[in-house]
Amino acid sequence: MKLVLDAPDSAFEAEVRAFVAAHWQADAEVLGRTDGLHAELDAAAWTPPLRRWFDALVTRGWSVPYWRRAQGGTDWGPVRRYVFQRVLAETGAPLPLNCSTGIVGPVLLNEPPSADTNLRLEQIRRFEVRWSIAASEPHDEDPLAKADVEDVSIAGSGAPERTRTVAVPMGTGFRLSGRKTWVSGGLHADLLLVRAEIAGANRSGWFVVPANAAGVRSEAVPMMGSSHALARFEFVDVPVPRRDLLRHDPKVPLPEPPLRIRSSRLKKTLDGLRSAADASDEPADRSAADSLLIQVASLEALELRQLLEHAEIAQRRGMASVLAIRGAEIGQAVAALRARMLGYHAVPFPDDLKFHNEGVFGDETALPAVRQALFDRAFSVYAAERPGDATSIEALKDRMAREIFGF
Amino acid sequence: MDFSFSEEQTLLKDSVEKFVQNDYGFDGRQKVVRTTQGFSSTHWSTFAELGWLSVPFPENVGGFGGKAVDMMLLMEQLGRGLVVEPYVATVVLAGGAIRVGGSAAQQAAYLPGIIDGSKQAALAYAEPQGRFNLADLVTTARGDANGYVLNGLKAVVLNGPAADFLVVSARTSGGQRDRDGVSLFILDAKAAGVSRRDYPTVDAFRASEVTLKDVRVGKDALLGAEGKGYPILEQVIDEGILAVGSEAVGCMEVLYKNTVEYTKTREQFGQPIGKFQVLQHRMVDMFMEHEQSKSLMYMAAMKMDEGYGDAAKKAISAFKVQVGNSGRFVGQNAVQLHGGMGMTDELNIGHYFKRLTVIDTLFGNIDFHLKRFGAL
């Protein structure tokens, strides 16, 4: 048992640091402060600083580091995966792990080879498209979907209410109709992975649907932190060719993407808060930051165990839930402390476009901090175990009680 | 970076685990703690035979040459068994002080007796006015041509009643709370001028108030350099924290697992109470607290094995804070979910709870270590 890196891994760490220093611009760091805001990171991926960063990753062969080398990935072991994430977190550089690279890509990698599949994988690897997953429906038993307002329908869309999304075979393909909600990053998505019942087949399937296809309508679901990436969708007779029905069995859960290390980014934030507390001589803030630093240390240790420990499968599943719940709770506490330490600066919320030319009200760091605190409130209600996924803390605890305790 | 255990470490863990499962039942433990001595000499001999008493000591005195991770694994299992034998007091604290600060002659004189189980020992470091400050000493050691004369009162000397020898902290120079001027001495527990008032502790261990009145020792009783005992003491206490913290992690595992099993069988309103979601979620919280503590236990042990410095001290204090918070949560909820029976001495739950409560206080509580963590 040891924490120190072996010489080859230390050399790898130095290599990653040099790469980040060469390709990540500090002035774009604000865009990297999106721990938890995966969908927003997707949206921001097309701004010039991030575009340059992702292009550098593509050129270096690190844009999909968690895929196998033969698929354009790296074949890194768990230690290098951890080192890569840790360095990026410490430097503020965005991690190339999102819905497209973390979930959709691995699904497509298991599909039979075809020109379409190869093109889509290459687009993901090169960060040329953004995918979202449209699975939840307003009347699902899924507690998350139930969070959506009942019977909300996009005005004028013509989509039937209280109807499950259905794909009706027609000619050489399907016609897809229905409603989806809680589509993370959906507002900026180019392509959707939509789950729908197949009429007459007594089964469901995953369909690839362009977000701008005829008959697809979407609207934002505004979030507390003024995140504009969450969307609900309605589909009215959307034509889908048969080749865009994936082989992936909907009864099989979507692939679990690699663990997203949260502790490094939280620690970086807390170190800053600790320094600020020292400078302002506020013992309560200092004590709160120290308490959270210990919590983050425990989170880091949990993450390392999840990556490196050879444990039983059931236990690892339990650990993933512990990480999701505790990560969300600690993340919320850090964001709340950050906002609290702003004092009155945490009150202005000039987030509307009409204020964009008004300049800063008070502290320039305040608005991102307040937005993060508000978003993390939602994030701890729905603790994501993986990017693009979300489950309420209560549902995760139910699952843990079943899987770990046998209730 | 590696989170796996060596074959030797796995064997050590399995050995203690097997003993706890097969030979250390709760009823037997309760009989032992009601005796005057408060622990079993037979068990202690078994510990010696199995090599557990040698774990932290160097091979040149017959030790196992183990590291912090070895100690962590052993103590976690002892915690699961709620073992009351004075392993921490004798091996980790008193033996540790001699291992860290003792000369080769002192190690050769005292450590073999600990390793073969023939000698009990205690570290007398705390004083009534000192709270958790190891340097806050009014006990004095006045030097003269023949050695030193010690006077003072040492509080909560763990395993004091059974100790054959004591390692005592005393001030040889400086002010009451100065770190410089703290010295450590080894003295016979029955030396002239040493008197004890023995008592049981909340967790059924044994401790003493030890009064030192003109206790004369030779120069060879000095452990380390005169006035330079504080760093030795600090390291040994941090090793003690790793030991009792690991023990606490073992206690927490038993508590949450026993609670889960209890709620599967205890029925109310026509069904097992474990079917109630509010109780299931409480037990999941207990599980998570245990996992967080276990994770920081690993980090603290690995940091200690990297070398004793500020990083290790910080990891130890973080671990102690986590164990204090988690131990309280898990202990209190285990009692709560066991209902009235959890309050009785007939179930083991309350005994684990009491041990966790004492561990929270030992070597500095949550507040003390949060402050230390922030200062490092």
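The contact between chain A and chain B, where contact means heavy atoms within 4.5 Å, takes 41 residues from chain A and 37 residues from chain B. This is a predicted model, in which local features need pLDDT of at least 70, side-chain atom pairs count only at pLDDT 80 or more, and totals for chains, interfaces and linings use all residues. Residues are numbered from 1 along each chain as its sequence is written, chains are lettered from A in the order in which they are written, and side-chain values use heavy atoms, with hydrogens and water left out.

The size of an interface is often given as the accessible area lost when the parts come together. Buried area is taken here with a 1.4 Å probe and summed over both parts; the values for the two chains are listed below.

| Interface item | Value |
|---|---|
| Area buried between chain A and chain B | about 3700 Å² |
| Share on carbon and sulfur atoms | 69% |
| Share of the chain A side from A:Met1, A:Leu3 and A:Phe405 together | 25% |

Those residues, A:Met1, A:Leu3 and A:Phe405, are the ones in chain A that lose the most area to chain B. Across the interface there are three salt bridges, each a side-chain nitrogen of Lys or Arg within 4 Å of a carboxyl oxygen of Asp or Glu. B:Glu289 forms a salt bridge with A:Arg326, and their closest N and O atoms are 2.9 Å apart.

Within chain B, helix α1 (residues 7-23) packs against helix α4 (residues 68-80) at an angle of about 15 degrees, with the axes 9 Å apart.

Conventions. Axes fitted to C-alpha atoms, helices over the stretch in contact; angles between N-to-C directions. Helix = DSSP H or I, 4+ residues; strand = E, 2+ residues; numbered from the N terminus.
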